[in-house]
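Have a look at the model below and keep it open while you read.

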Amino acid sequence: MSNMLIDESTTFIVQGITGREAVNLTRECLDYGSKIVGGVTPGRLGRDVHGVPVYDSVAQLVEAVGSVPDGSVVTVPPAFTRDAVFEAIEAGIKLIVIVTERIPRYDVAQMVELARLRGARIIGPNCLGIIRPGVAKMGGIGGPAKDAAKAYKPGIVGVMSRSGGMTTEISSTLSAAGLGVSTAVSIGGDAIIGSSYAELMPLFEADEQTQAIVIYTEPGGRMEAELARWVSENDSRLPIVAFMAGRFMDAMPGMSFGHAGTIVEGKADTASEKIARLQEAGITVAEEIAEIPELVKAKLGKEVAV
């Protein structure tokens, strides 16, 4: 596999493939050119979904396929997600995209811990997945293939976002401006997630196609502080532009909105504190989504001039 999360050779499976949403997601990914080598739903062995064979377990699938797939998209009900993810990790799968939302926090913590022990990476939960424009996508990101092709043009900007919809909105703006997107990752909006901005930065840093980063962020949580620290400590080559949603929340202490991850616990979590911290690390904070492409171009112009 390439330095980035997915490339043209990435193979993956869909756990919970016979569910209604999973059937659509499978169709969208196949239409986009992704390589789905099998699906898992216990008790459904022998069926197929859009030509993708279904197995009872990940172990059974691996045996039938004859190799361990690179990734899995997990879209099973919240009560069964932990078991599904454990099964995938124990089978040797290294990239797990968890679409399911409302998974109990304790279960998520256990999944993240097992992934760390086994050298696997979790994206999500409660996320839309990953897309490498023009190459492949894992998850519902961008929607149907023709919509994804419009919003995500191949290019030079890496996108990371806590909101799935905003991943597409920002990417669409970058595509329309002629910058395009190298890889976009919907990281999930829950309080505990598998991969934060800082944890994904080394991949973008090592990806030759990526020349800048845009992040969409919200009040609450410590991820921006972690990113600011990472950028400063690692002398990142990538200029970063951030868009901070929910600035209005500073005027309403104790409010949380939308995502579970947006609970503001102290002054350090507020939008204005986060903006200040990002700016200190040299990260430009956009006031509006529409101005993101110009800010990226300005930063790239400076980088090139050096």
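Which helix gives the most to the lining of the largest pocket? That's α3 (residues 78-90), with 5 residues. Helices (H or I, at least four residues) and strands (E, at least two) are DSSP runs here, numbered from the N terminus.

Some ground rules: this is a predicted model, where local features need pLDDT of at least 70 and side-chain atom pairs count only at pLDDT 80 or more, while totals for chains, interfaces and linings use all residues. Residues are numbered from 1 along each chain as its sequence is written, and side-chain values use heavy atoms, with hydrogens and water left out.

**The pocket**

Back to that pocket, which holds about 500 Å³ of space. Its lining is made of 26 residues, and Thr75, Val76, Pro77, Pro78 and Thr100 sit nearest the centre. By class, you get 10 nonpolar, 11 polar and 5 charged lining residues. For those classes, Ala, Val, Leu, Ile, Met, Phe, Trp, Tyr, Cys and Pro count as nonpolar, Asp, Glu, Lys and Arg as charged, and the others, Gly among them, as polar.

As for what a pocket is: on a 1 Å grid over the protein atoms alone, it is an open set of points where a 1.4 Å probe fits, with protein on both sides within 12 Å along at least five of seven lines, and lining residues have an atom within 4 Å of a point. Points are joined across faces, edges and corners, and the volume is the space filled by probe spheres set on them.

**The cores and α7**

A nonpolar core is a set of buried Ala, Val, Leu, Ile, Met, Phe, Trp, Tyr and Cys residues joined through side-chain atoms within 4.5 Å. Buried means under 20% relative accessible area, exposed over 50%, and partly exposed in between (1.4 Å probe, protein chains only).

Which residues touch the most other members of the largest core? Among its 49 residues, they are Leu5, Ile123 and Leu200. Helix α7 supplies the largest share of this core, 6 residues. Apart from it lies another core, of 26 residues, including Ile131, Ile141, Leu179 and Ala286.

Helix α7 (residues 197-206) has Tyr197, Ala198, Leu200, Met201, Leu203 and Phe204 as its buried residues. These pack against β7 (121-123), β10 (154-161), β11 (181-186), β12 (212-217), α8 (223-234) and β13 (240-244). Zoom in on Leu200 and you'll find contacts (heavy atoms within 4.5 Å) to Leu5, Arg121, Ile123, Met160, Val185, Ile187 and Ser195, leaving out residues up to four places away in sequence.

**One aromatic pair**

Searching the whole structure turns up 1 aromatic pair. Tyr216 and Phe243 have ring centres 5.9 Å apart and planes at 25°, so they count as stacked. They link distant parts of the chain, with Tyr216 in β12 and Phe243 in β13, 27 residues apart. Both Tyr216 and Phe243 are buried. The rule for Phe, Tyr and Trp (its six-membered ring) is centres within 6.5 Å, with planes under 30 degrees apart called stacked, over 60 edge-to-face and the rest tilted.

At 37% relative accessibility, His50 counts as partly exposed.

**Some distances to check**

Here are a few C-alpha separations.

| Pair | Apart in sequence | C-alpha distance |
|---|---|---|
| Thr11 and Met138 | 127 residues | 9.7 Å |
| Leu278 and Met138 | 140 residues | 30 Å |
| Ala176 and Pro77 | 99 residues | 36 Å |
| Arg237 and Lys94 | 143 residues | 27 Å |

Thr11 belongs to strand β1 (residues 11-15) and touches Lys35, Val37, Pro69, Asp70 and Gly71, again not counting residues up to four places away in sequence. Leu278, in helix α9 (residues 271-280), is buried at 1% relative accessibility. Ala176 is in helix α6 (residues 164-176) and is exposed, with a relative accessible area of 73%. Arg237 sits in the loop between α8 and β13 and, at 37%, counts as partly exposed.
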